[in-house]
Amino acid sequence: MDSPTALRTETPLDVLRRVFGYDSFRGFQQEVVELVTGGGDALVLMPTGGGKSLCYQIPALLRDGVAVVVSPLIALMQDQVDALRAVGVRAGFLNSTLDLDTRALVEAEFVAGEIDLLYLAPEALSSRATLNLLDRGRIALFAIDEAHCVAQWGHDFRPDYLALSMLHERWPGVPRIALTATATSATRQEIATRLKLTEARHFVASFDRPNIQYRIVSKREPRKQLLALLRDEHAGEAGIVYCLSRASVEKTAEFLVANGIAALPYHAGLDGATRAANQQRFLREDGLVMVATIAFGMGIDKPDVRFVAHLDLPKSVEGYYQETGRAGRDGLPSTAWLAYGLQDVVQQRKMIDTSEGDAAHRRNLAAHLDAMLALCETVRCRRGQLLEYFGQPASGGCGNCDTCLEPPESWDGTIAAQKLLSTVYRLHRERNQKFGAGHCIDILLGRSNDKIVQHRHDALSTFGIGADLREGEWRGVVRQLLAEGLLAVEGDYGTLVLTEASAEVLGRRRTVTMRREPERPAATGKAGR
Ligand code: ADP
Ligand code: ZN
């Protein structure tokens with residue numbers, strides 16, 4: 001067997017070609033490889049599929065010693081190591097899944113320098129035994145994968161990552177490279193600070209994924225809308241459907257199967273063996289649909305995922321970007337589709353109100369949700385808004401998102417907003433009872449149902465004054481007011497309450513522009529594909 005470790009005279013490009021079989025580097029891969037090979041620190045931000053792994057794998061082969069790769073993705077370590085071995089690179093991993101004999105073998109290989117890469121879970125570095133082991137071998141570099149896990153208010157925070165700041169103190173001469181696919185500039189700064197990467201050069205790739213078509217539709221009958229998308233545009237293709245709860249994962253998977261779609265469930269409530277089996281099938285077979293909670297997907301390298309569909313609203317733009325980023329890693333046209341409705345806003349606001357943690361934590365969650373809502377309600381190009389969120393200026397429309405393909409109409413919703421807000425005001429003032437969006441809309445539409453009659457709400461001055469809009473349009477009004485903070489929800493029943501800003505609308509000091517709700521579900525934008 002020829003030596004997988006780079007020959008003395010080899011350049012990074014030689015290794016790329018000889019070992020990995022690629023012709024040329026992508027983006028700034030070469031600069032990163034040269035920097036780290038020469039002993040420098042790097043912080044690498046690249047979208048999913050951008051090619052982060054080679055940024056540390058090639059230096060691992062070019063430098064003396066063993067590269068230690070810290071990754072939270074225990075379930076994928078075996079796959080990563082297998083993939084390296086398949087191209088002749090000697091690699092191993094240590095995590096809780098190994099039996100004692102295998103562990104001893106890998107440890108011996110590390111100490112003897114018989115492997116080039118060693119994958120570790122972050123918690124391993126909190127154990128004295130592992131630290132002692134690392135002291136006995138020669139470390140080529142530290143690669144910290146999924147580095148955003150160190151960000152405390154991020155959506156993937158892992159406390160074990162905080163301990164990684166000691167790598168620098170304990171092994172000051174060993175270069176470190178941190179990598180992530182998620183990063184606003186705030187997250188990037190947090191990674192640099194917490195990992196003490198003060199000298200690291202930052203490499204920030206474009207976050208644009210031009211082959212992904214972004215679409216956000218208003219939620220009516222989400223499962224049926226999803227089925228239409230799969231049948232009309234993605235028949236027989238692989239994709240991921242994200243749901244918020246385990247129960248809804250189960251129901252959605254059953255619904256799809258009952259409708260002839262090959263779908264599998266994945267969530268943390270399934271036993272480990274089922275989860276692993278479903279994940280393997282999704283990776284290896286063609287055209288399977290994985291219905292999952294966000295527990296699924298980090299580190300999944302399946303190039304031909306043709307669509308990512310969200311049946312519930314993601315909690316942040318970061319999460320949305322990362323989840324949708326699993327589509328189209330092969331560069332071919334793919335769809336990111338999200339169905340979003342009033343109930344999502346109510347539910348997520350409630351989750352924030354009842355979440356643990358202090359006020360600052362809740363404010364942070366609310367700010368993340370607000371950015372996500374702004375993306376949903378925008379009448380601008382979705383891609384432009386997404387890229388700007390990540391600090392990348394965008395100009396003009398992209399031509400490959402729903403608002404570019406079918407520009408939404410906007411309308412002056414000020415009067416509608418006033419009608420709704422004054423209904424909320426009257427309910428609150430007169431009885432101080434708990435009434436949700438549905439009841440307010442019934443009043444506006446002038447429906448004399450039991451609840452209305454019982455509370456004599458047919459006598460309110462706003463009863464029936466909203467008959468000019470349909471129910472769906474009223475739900476859109478409520479949703480957009482909630483999204484803009486002109487209305488809020490409270491308590492277990494989603495009671496609508498006014499905010500300070502509501503007064504500006506009621507007092508005619510502020511106008512409200514709204515996105516028009518389409519009469520029927522939006523045409524399934526085949527355009528552009
Ligand atoms: P990331 O970790 O950034 O999501 P990976 O490192 O898994 O991405 O790379 C994504 C895919 O791109 C992999 O299949 C990888 O082999 C391929 N790839 C990476 N760099 C190159 C390159 N320079 N030329 C061709 N293919 C590449
Ligand atoms: Zn666009």
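The model is predicted, so local features need pLDDT of at least 70 and side-chain atom pairs count only at pLDDT 80 or more, while totals for chains, interfaces and linings use all residues. Residues are numbered from 1 along each chain as its sequence is written, and chains are lettered from A and ligands numbered from 1 in the order in which they are written.

**Exercise 1.** Determine how helix H13 is oriented against helix H14, and which residues meet.

Solution. Step one: H13 covers residues 342-353 and H14 residues 359-377; helices are DSSP runs (H or I, at least four residues), numbered from the N terminus. Step two: the two pack at an angle of about 165 degrees, with axes 9 Å apart. Axes are lines fitted to C-alpha atoms over the stretch in contact, and angles run from 0 to 180 degrees between N-to-C directions. Step three: H13 is therefore roughly antiparallel to H14 (the term applies over 145 degrees). Step four: Val345, Gln348 and Ile352 in H13 meet Arg362, Leu365, Ala366, Leu369 and Leu373 in H14, contact being C-beta atoms, placed from the backbone, within 7 Å. Step five: by class, these are six nonpolar, one polar and one charged. Ala, Val, Leu, Ile, Met, Phe, Trp, Tyr, Cys and Pro count as nonpolar, Asp, Glu, Lys and Arg as charged, and the others, Gly among them, as polar.

**Exercise 2.** Describe the residues that surround ligand 1.

Solution. Step one: the shell holds 13 residues, and the closest are Tyr22, Arg26, Gly51, Lys52 and Ser53. A residue is included if its C-beta atom, placed from the backbone, lies within 6 Å. Step two: four are nonpolar, six polar and three charged.

**Exercise 3.** Compare the reach of helix H5 with its expected span.

Solution. Step one: H5 (residues 100-112) has 13 residues. Step two: the expected span is 1.5 Å times one less than the number of residues, here 18 Å. Step three: from first C-alpha to last, H5 reaches 18 Å, close to that expectation. Step four: just after H5, glycine 113 takes a positive phi of about 70 degrees.

Technical notes. Angles under 35 degrees count as roughly parallel, over 145 as roughly antiparallel, 65 to 115 as roughly perpendicular and the rest as oblique. Two residues are in contact if their C-beta atoms, placed from the backbone, lie within 7 Å.
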